[in-house]
Amino acid sequence: MKKAIKINLGGLIFHIDEDAYDRLKQYISALMSQFGNNAEAREIVSDIESRIAELFQERLNAGKQVINLSDVEEVISIMGKPNEYDTEPSQAEEAEYSQEYDRTISKRRFYRDIDNSVLGGVCSGLGAYFGIDPVIFRILFVIFLFIWGAALPIYIILWIALPAARTAAQKLEMHGEPVNISNIEKKVKEEYEQVKKNFKRIDPEKKARNFFESFLHIIVTILKGIFKIIAVIIGGVFIITGIVFIAVFMALLFGKPELSGIPFSDFNFMLGQFIGTGMHGLALALVIIMCAIPVLAVLYLGLKLIFKFKTIDRYFWISATVLWIGSIVAFVILTVSVVKDVSEDSFKTTSFEIETTTHPHITLIANSQQNLKQAHSFFSNDEEDEYLVDDNDNIFGRAHLIIEKSMDSTANVVIERKSRGSSYNNANENAQAIQYDVFQRDSLIVIDPYFMLKPNSKWRAQELKVTIYIPKGIKISIDKNLEDILKDANVDGTYWMHELPGKSWIMTDKGLSELK
Amino acid sequence: MNTDNAKAQMRKGVLEYCILLILSKQDAYASDIINTLKESHMIVVEGTLYPLLTRQKNSGLLSYRWEESTQGPPRKYYTITEDGKQFLAELDQSWDDLILAVKSIKDRSSSR
């Protein structure tokens, strides 16, 4: 497929191939420079053009609708070379001279042959100029590359300095076909500058002809290449980050704590603890928007940097940002009450005495009745501060067990319930609502490992501490099932807490001492 | 000196004469004049004709009018003027003189 141009020649329209057009334009330009620039000259050329148009018409038919290069060459040979037009006797000698000239000089110029190029067409261009198969030059190039090493910079220099043969005229020149502007040599050169100038507009590479500019051009191209690579790397990072965020978010949303690595594993539930039921859905939606928009933006940027597809409309970005900010504001407004709800804290204490006269050796044991197999964790900083919720939405927290030395001769259980609230009273109420029990059955002290919040009460960072005060001389064993909740003990010596259960101890002046 | 060039030179000089001769018989389009000259082997390339036609017209030896054509734009229809006829008569004379002159030189050379 070739590019065709529509021309008006002598008042008729013709479709003509691009290379044929170049040739025709060249010919007519030569005529114009031949005849000069007066009215008579213009009339002559106009008549000639009309005649050429007639000749073209004879060559077109239903099957052939476009004038090609051979048509133009034919017509030119019919009309005659420009030098043959001369009838002024004074120019007769010049005509003869330039005819000779025409025969001996094949106007050849050095171009890069990009149609036949392997790299940049340098070797092809060399081959075209000398009339030798470019392969020879390529072999030479490779040889020199290995021996000398300087072949590469030379190649690059040639690549910069030599223009590429893009137009038909240039391609003809490159191969050295005699271009039939056979007049005085100076006129020929002028003519060529004329033709080339017209094509300079279309050929951006010509603009960088100046060697320095070309060099700068190369540097800029290299830098651009480096930036592109960096952009791809950054794009990859963004994509990975975006995917990670999405994964984390999904994990949070659907309560798979192992995957998230964030304390509040059941985000949905946590949200519900602070926001009333009516607003819960809205709050959730806002949160999703708040998190999704930046994540998606990051992901999109990453993909764009790597794959370079067209940017989405700017208005889309503006509205996305507005939506995002709006969701943040709405969410903040919605959850302002949260801060209020946990601003105060309070605690309530209850206690009872342990009967030790008949049971000088008591055993602390966990209440096995408490069955929390169905519950799942929704918040845990670590194993200690774990909060659970079961299928009935009852909230459980882990109790903290502490063993202390009693100040007097009595053994006591002191239960401290702590909670937060919007006011002191509110905090008190919340604390009171904590359900927890410890009781004595003969020599067993049965301790609930978890405290429960009254149904329908909200989580407000409730804590429970149960302290067992042991007087001097009383023996104590701690069952292994209390291992998880034993936080601290007054022990003589250095022990890990998990070393205490399963052994027997006696309280001394210096703390618990192991009974061997 | 090459022969083609010499021939072309000779022809060029006579061409103006031939154009006037053709037009003195009847008016014609440029292409008609070209065809007559080609048939008589007077010209090889058409281009030679146009500058001559235009110059002769500008010298007042010829004139033209536009004739409409069914196949395209209007074409110039040439005709010889009075001045042209006068000029032609002079050229006729000089042509005859030339033939005589050359003939006499030829005869002189061959008699040696």
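Where is the place of Gly236(A)?

1. Gly236(A) sits in helix 10 (residues 211-253) of chain A. Helices here are DSSP runs of H or I with at least four residues, strands are E runs of at least two, and both are numbered from the N terminus. Gly236(A) is partly exposed, at 21% relative accessible area. Buried means under 20%, exposed over 50%, and partly exposed in between, with a 1.4 Å probe and protein chains only. Gly236(A) and Leu303(A) are 67 residues apart in sequence, with 7.6 Å from C-alpha to C-alpha.

2. A word on the basis. This is a predicted model, where local features need pLDDT of at least 70, side-chain atom pairs count only at pLDDT 80 or more, and totals for chains, interfaces and linings use all residues. Residues are numbered from 1 along each chain as its sequence is written, chains are lettered from A and ligands numbered from 1 in the order in which they are written, and side-chain values use heavy atoms, leaving out hydrogens and water.

3. Look at strand 14 (residues 450-453) of chain A. Tyr450(A) and Met452(A) point one way, Phe451(A) and Leu453(A) the other, and all are buried. In a regular strand the side chains alternate between the two faces of the sheet.

4. Strand 14 of chain A has partners. Strands pair if DSSP finds at least two bridges between them. Strand 8 (residues 395-398) of chain A runs antiparallel to strand 14, joined by three bridges. There Gly397(A) stands opposite Phe451(A). Strand 11 (residues 434-435) of chain A also pairs with strand 14 in the antiparallel sense, over two bridges. Gln435(A) has Met452(A) as its bridge partner.

5. Now the rings. The structure holds seven aromatic pairs over all chains. Rings of Phe, Tyr and Trp (its six-membered ring) pair if their centres lie within 6.5 Å; planes under 30 degrees apart are stacked, over 60 edge-to-face, the rest tilted. Tyr387(A) and Trp459(A) have ring centres 5.2 Å apart and planes at 80 degrees, so this pair is edge-to-face. Tyr387(A) lies in strand 7 (residues 386-389) of chain A, and Trp459(A) in the loop between strand 14 and strand 15 (463-470), 72 residues apart. Both Tyr387(A) and Trp459(A) are buried.

6. Ring pairs link Tyr64(B), Trp66(B) and Tyr78(B) into a cluster. Arg75(B) lies over the face of Tyr29(B), 4.0 Å from the ring centre. Such a charge (NZ of Lys or CZ of Arg) must be within 6 Å of the ring centre and within 35 degrees of the ring normal.
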